[in-house]
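Good morning, and thank you for joining.

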Amino acid sequence: MSEPVLVAAASNRRRSNSAAIGRYLADALGREGVRAQLLDVAESGGLRGDLRPAMAALVGHGHVVLVASLYHDAINAVATATLEAWADAPPGESPRRFSAIVHSGYPEPVHTEVALAICRKFAQEAGWVWRGGFTAGASSAIGGRDLRAAGPLARHLRRALDRTAAAFARGEPVPEAAVRAAARAAMPRWLYIAVGNWAMRREARRWGTSDLDRRPYPSNDRDG
Ligand SMILES: Cc1cc2nc3c(=O)[nH]c(=O)nc-3n(C[C@H](O)[C@H](O)[C@H](O)COP(=O)(O)O)c2cc1C
């Protein structure tokens, strides 16, 4: 039997890609007949350090899904603060189930694997039951849009979320098929690098430079 799911999207910014992913998952769960609530942690107070809404939202939800973006090789600060707050939540009547989706700008899953493992560790430390999770790359392309409007670049992620919602409806954890779908690259590696370089150069021009080799500090291999 499925239980009400809290989808908590945590990012350091408003109109986040995490919220777009979380909204898609909550809608997919609804279509599967699972009661789901989306909480945008940043919008609800997380950006001001107010995690009371994130705490209050736990009530009535036996299963919590954290959707978090990767900032500097770790889950972002709002997501970390949320997990810290939840770790102090009073124990409910039944063990809380926990899943996590960690997504990143770079396409390769290797960037997000440690962050996902930290989420799994959180579940263990908090006494919550780990119900699986997955990583997804190249999420910057979502651009804060509705995931359906993000086109082919988000097709594997949409499939992973649909499969996850269907599994939760059956009372099952995140399925292997979702993990595999989310890990698939949305574009060939060479194209990703070409587009990334083009975007970096455009950004540099916007800031009045074209010299991307300059370093703000002297080389690290010398003292002084
Ligand atoms: C300050 C900052 C740091 C980031 N660090 C990483 C990183 O270490 N690795 C990575 O793959 N993507 C990184 N990204 C890209 C984000 O993970 C990516 O754009 C994501 O879609 C942002 O989602 P959000 O809008 O939910 O925060 C970073 C983005 C920002 C703004």
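Which element gives the most to the shell around the ligand? Strand β3 does, with 3 residues. This is a predicted model: local features need pLDDT of at least 70, side-chain atom pairs count only at pLDDT 80 or more, and totals for chains, interfaces and linings use all residues. Residues are numbered from 1 along each chain as its sequence is written.

The ligand is surrounded by 17 residues, and the closest are Ser16, Ser18, Ser69, Ser104 and Gly105; a residue is near a molecule if its C-beta atom, placed from the backbone, lies within 6 Å of it. Two or more shell residues come from each of α1 (17-31) and β3 (63-71). Helices (H or I, at least four residues) and strands (E, at least two) are DSSP runs, numbered from the N terminus.

Let us turn to the helices. The axes of α1 and α5 (residues 155-169) come within 9 Å and cross at roughly 40 degrees. Axes are lines fitted to C-alpha atoms, for helices over the stretch in contact, with angles from 0 to 180 degrees between N-to-C directions. The helices α1 and α5 are therefore oblique to each other. Angles under 35 degrees count as roughly parallel, over 145 as roughly antiparallel, 65 to 115 as roughly perpendicular and the rest as oblique.

Helix α5 also pairs with α6 (residues 176-183): their axes come within 7 Å and cross at roughly 170 degrees. Hence α5 and α6 are roughly antiparallel to each other.
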